[in-house]
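Open the model in your viewer and switch to a cartoon view. Follow the stops below in order.

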Amino acid sequence: MAVFVSNIVIEQGFDFDTTFILEDTTTGDYLDLTNYTVSSQLRKTYTSSSAVSFASTITNAQLGQVQISLGSATTLDIKSGRYVFDVKITSSGGSISKVVEGSALVRPGVTR
């Protein structure tokens, strides 16, 4: 399974959410996520021991739609700068696949 690369921008102190639509790379059809779970984390580097977990939801299993989000209280606590993130799916049988990865830019907020 190919990994989709996407770069995101998170505004410090504001709600963040984005949706990814996943495709089966062999057929070009939507990736059917029925009976899968999803999780996602943000880290300063790939080897960082601390992480921020996104709220991760499959919003439409048949259409391969996955949403990740962070609330404003969480984004306020993340220092501005560059980070990395990924999204993984786990089948009911325990098979784990990375489906999205990329960099995240956390931009400082002004309004509080």
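Select I89: opposite it, in strand 9, stands S97. This is a predicted model, where local features need pLDDT of at least 70, side-chain atom pairs count only at pLDDT 80 or more, and totals for chains, interfaces and linings use all residues. Residues are numbered from 1 along each chain as its sequence is written, and side-chain values use heavy atoms, without hydrogens or water.

Now show strand 8 (81-91) and strand 9 (96-107). Strands here are DSSP runs (E, at least two residues), numbered from the N terminus. Strands 8 and 9 pair antiparallel over ten bridges; pairing requires that DSSP finds at least two bridges. They form a hairpin with four residues between them. Click G94 in the turn: its phi is positive, about 100 degrees.

F4 has V100 as its bridge partner in strand 9.

Select V87. Which residues does V87 contact, leaving aside neighbours within four places in sequence? Among them are F20, V38, V66, I68 and V99. Contact means heavy atoms within 4.5 Å.

Last stop: L63. Look in the loop between strand 6 (55-60) and strand 7 (65-70). L63 is partly exposed, at 32% relative accessible area; that term covers values between buried (under 20%) and exposed (over 50%), with a 1.4 Å probe and protein chains only.
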